[in-house]
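These are my notebook entries on one structure, kept in the order in which I looked things up.

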Amino acid sequence: MFQNIIAIVCGVVLLYKGGEWLCRGGVSLAEKFKIPRVIIGVTLVSFVTSAPELAVVLNANQSQLSTLALSNIIGSNISNVGLILGVLIVGMSISLKSEIQNLWMVMVTVSVIFAGLLLYNGNLVRVEGIILCGLAFVTIYYLVKHQTSVVGIESTQVVSIKNNYKIIGLVIVSGICLWLGSEVLVKAVNTISIDLGISQRIMGLSVVAISTSLPELAASLVALSKKEAGISIGNIFGSNIFNLLVVMGLASTISEFAIPNEDRIDFLRDVIFMVGLSLMLYPLLFWVGKKLTLGRLEGSILLIFYFGYFYFILK
């Protein structure tokens with residue numbers, strides 16, 4: 001047991017550092033090709049913060065652990081909104097920009113479409129993965145055109161590398177870290193799940209989801225420290241969008257997801273809660289008054305719902 005716990009910690013560290021290095025290397029490489037920073041922030045940075053989820057999902061699904069893979073994505077989106085956003089605004093009041101409301105609507109729309117595809121037949125097949133990837137291109141185009149002020153990373157937040165060899169080396173090392181971290185994490189979690197009799201779904205919703213959400217937390221904290229609150233929330237919403245469209249789209253296109261019959265009812269409940277938690281942001285984002293400020297009360301509400309749900313499914 002202790003060895004598996006150490007393995008989980010090592011896997012999380014590898015995933016976190018892999019995502020961080022991929023971000024630096026990717027941004028530096030993009031700048032070599034003169035790609036505007038705003039496009040880099042909306043597309044590349046949003047994607048690499050979801051890289052740990054993609055690595056874990058691909059690894060788990062190819063290991064015939066589709067329940068763990070899918071619950072990781074659902075749990076990651078739940079923890080991004082309920083836990084990470086909740087903790088951020090409990091610790092520090094955030095003044096919003098009006099563009100956040102539009103980004104929220106994109107996130108809700110994507111969540112509903114994903115839920116519809118998943119619940120249509122209880123699986124995610126290759127055609128549905130292609131649909132999600134197609135929606136990803138449409139969404140990225142919209143974000144680049146209309147959401148540049150709240151999605152992405154400012155130039156001061158990612159220090160680019162000038163040396164070409166260092167860039168290539170960092171990208172390669174980050175890929176190895178992501179692959180190795182996902183391998184270690186998935187195997188350790190699966191072993192603990194079997195030894196303790198805890199379902200893959202619960203482990204995916206909790207341990208794996210929180211572990212793979214660390215890049216979003218780090219990116220949000222960096223944005224807040226630089227007084228870019230809109231970007232901190234934009235990172236969270238953008239990550240949820242990318243998790244559902246890009247991560248699940250690519251993963252289900254490469255290898256279809258077959259959800260066991262005994263888990264489908266539980267997955268239905270988890271997906272409904274994921275969508276419901278996103279919808280619950282409506283009064284928080286639209287009725288916070290003219291100052292458009294989220295504070296301790298709104299953060300506490302999110303945390304209560306987050307921990308309340310886990311109490312419900314573990315009871």
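This is a predicted model: local features need pLDDT of at least 70, side-chain atom pairs count only at pLDDT 80 or more; totals for chains, interfaces and linings use all residues.

I took contact to mean heavy atoms within 4.5 Å. Residues are numbered from 1 along each chain as its sequence is written, and side-chain values use heavy atoms, with hydrogens and water left out.

**Entry 1: the chain**

I noted twelve helices and four strands in the chain; these are DSSP runs numbered from the N terminus, helices being H or I of at least four residues and strands E of at least two. I found that 55% of the 315 residues count as buried. Buried here means under 20% relative accessible area, exposed means over 50%, and partly exposed lies in between (1.4 Å probe, protein chains only). Of the contacts between residues at least 6 apart in sequence, 86% join residues at least 24 apart. I recorded an accessible surface of about 13800 Å² for the chain, with 68% of it belonging to carbon and sulfur atoms; areas come from the Shrake-Rupley method with a 1.4 Å probe, and for residues only the protein chains shown count as cover.

**Entry 2: Ser 252**

I located Ser 252 in helix α10 (residues 229–254). Its relative accessible area is 0%, so Ser 252 is buried. Leaving aside neighbours within four places in sequence, I listed Leu 124, Val 125, Arg 126, Gly 129 and Phe 257 as residues in contact with Ser 252. Which backbone oxygen does the side chain of Ser 252 reach at 3.4 Å? I found that of Gly 249. A polar atom of the Ser 252 side chain also lies 2.5 Å from the backbone oxygen of Met 248.

Beyond its neighbours within four places in sequence, Leu 281 is in contact with Val 81, Leu 85, Trp 104, Met 107, Phe 237 and Leu 302.

**Entry 3: Arg 201**

Is Arg 201 buried or exposed? Arg 201 counts as buried, because its relative accessibility is 5%. I placed Arg 201 in helix α8 (residues 200–212). Its side chain makes a polar contact with the side chain of Asp 270 at 2.6 Å. A polar contact is a pair of N or O atoms within 3.5 Å; within protein, one must be able to donate a hydrogen and the other to accept it, and residues adjacent in sequence count only if both atoms are side-chain atoms. Arg 201 and Asp 270 are 69 residues apart in sequence, with their C-alpha atoms 9.6 Å apart. Not counting residues up to four places away in sequence, Arg 201 touches Thr 67, Ser 71, Asp 266, Arg 269, Asp 270, Tyr 309 and Ile 313.

**Entry 4: Ile 198**

I found Ile 198 in the loop between α7 and α8. Ile 198 counts as partly exposed, because its relative accessibility is 29%.
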